[in-house]
Amino acid sequence: MSITDFTARIRARQPALGYWSVLDSPVSTERIARLGYDYVCLDAQHGLLGYSGLLNSLTAIDAGGVSAGLVRVEANDAARIGRALDAGAAGVIVPLIDTADDAAAAVSATRYPPKGRRSYGPMRSALRIGPRPADSDATVLVLAMIETAQGLANIEAICATPGLDGVYVGPSDLALALGAAFPGDPAIAARFEDALVTVREAAKSAGIAAGIHTPDGAGAAKRLAEGYTFASIASDLVHLEQVAKSHLTDARAQSSRGAQSSRGAQSSRGDQSSQGES
């Protein structure tokens, strides 16, 4: 999928599925990027990637020729946003957007003058999008994270920001902002679901995409069915731990059954031997 195709798909609010990567492991990221996900998002905010890891992982994603590479940047900062785009990101997810002004600043950081304040130095991005600022401006995606009480309260104004392509729910932070004691706290489940509807409907009314992070494929399918445009699934670190644990659990369970079976057979042979004695 080309960058322009992916951008057009999100802007047209066509469903898309993505994967979340937090590990500085370009080889595994390349393998994931060849599986068929519409995008792979590299987490530069909470992930374990420095700039070289970001650059190498974006290169690895592009090598697969299947997924678009997105970056969740560290902050709503023009320098950090510009650097992610220069490294070749198809778009950025910008955290902690509380107001329309915050959203406008994020958009401005992705656009060259006179439309914005992105500094010119397209490094890798020029290889794929082209060196002309107008081509980049027309192609780069900018997505605003909704994860605070203030962001939720200002969701309609944020969604109406010119140039904003979509909003993206950070479920853990949003849950905490709504009073959860921990992400996934059942005590605020109803309030959380209402908030998701609010975000989704505000985006729909503004004609922009709505995305969300989900823990698994079933969760992603559920959110898409509800009307979200795109959904990211789990993360490579989480899946590595889950699969490693499941193999360990299976191996120990089978070893335990084998040991019990062996002890039972030995006991049976012992009983038969005893019965043959006089």
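The model is a predicted one, in which local features need pLDDT of at least 70 and side-chain atom pairs count only at pLDDT 80 or more, whereas totals for chains, interfaces and linings use all residues. Residues are numbered from 1 along each chain as its sequence is written, and side-chain values use heavy atoms, with hydrogens and water left out.

I begin with the pockets. On a 1 Å grid over the protein atoms alone, a pocket is an open set of points where a 1.4 Å probe fits, with protein on both sides within 12 Å along at least five of seven lines; lining residues have an atom within 4 Å of a point. The largest pocket holds about 590 Å³ of space. It is lined by 28 residues, and Gly170, Pro171, Ser172, Pro183 and His213 are the closest to its centre. Two or more lining residues come from each of helix 10 (171-177), helix 11 (189-206), strand 7 (209-214) and helix 12 (217-226). Helices (H or I, at least four residues) and strands (E, at least two) are DSSP runs, numbered from the N terminus. Helix 10 gives the largest share of this lining, 4 residues.

The second largest pocket has about 150 Å³ of space. Its lining includes Tyr51, Glu74, Arg80 and Arg83. Helix 3 (51-64) and helix 4 (78-86) each give two or more residues to that lining, and helix 4 gives the most, with 4.

I turn now to charged pairs. There are 10 salt bridges in the structure, each a side-chain nitrogen of Lys or Arg within 4 Å of a carboxyl oxygen of Asp or Glu. One of them joins Arg11 and Asp165 at 2.8 Å, N to O. Arg11 lies in helix 1 (residues 3-11) and Asp165 in the loop between helix 9 (155-159) and strand 6 (166-169), so this pair ties together parts that are 154 residues apart in sequence. Asp165 is buried at 8% relative accessible area, while Arg11 is partly exposed at 32%; buried means under 20%, exposed over 50%, and partly exposed in between (1.4 Å probe, protein chains only).

Which parts does the pair Glu193 and Arg223 tie together? Their side chains meet at 2.9 Å, N to O. Because Glu193 lies in helix 11 and Arg223 in helix 12, the pair ties together parts that are 30 residues apart in sequence. Glu193 is partly exposed at 29%, and Arg223 is buried at 10%.

Key
Grid points are joined across faces, edges and corners, and a volume is the space filled by probe spheres set on the points.
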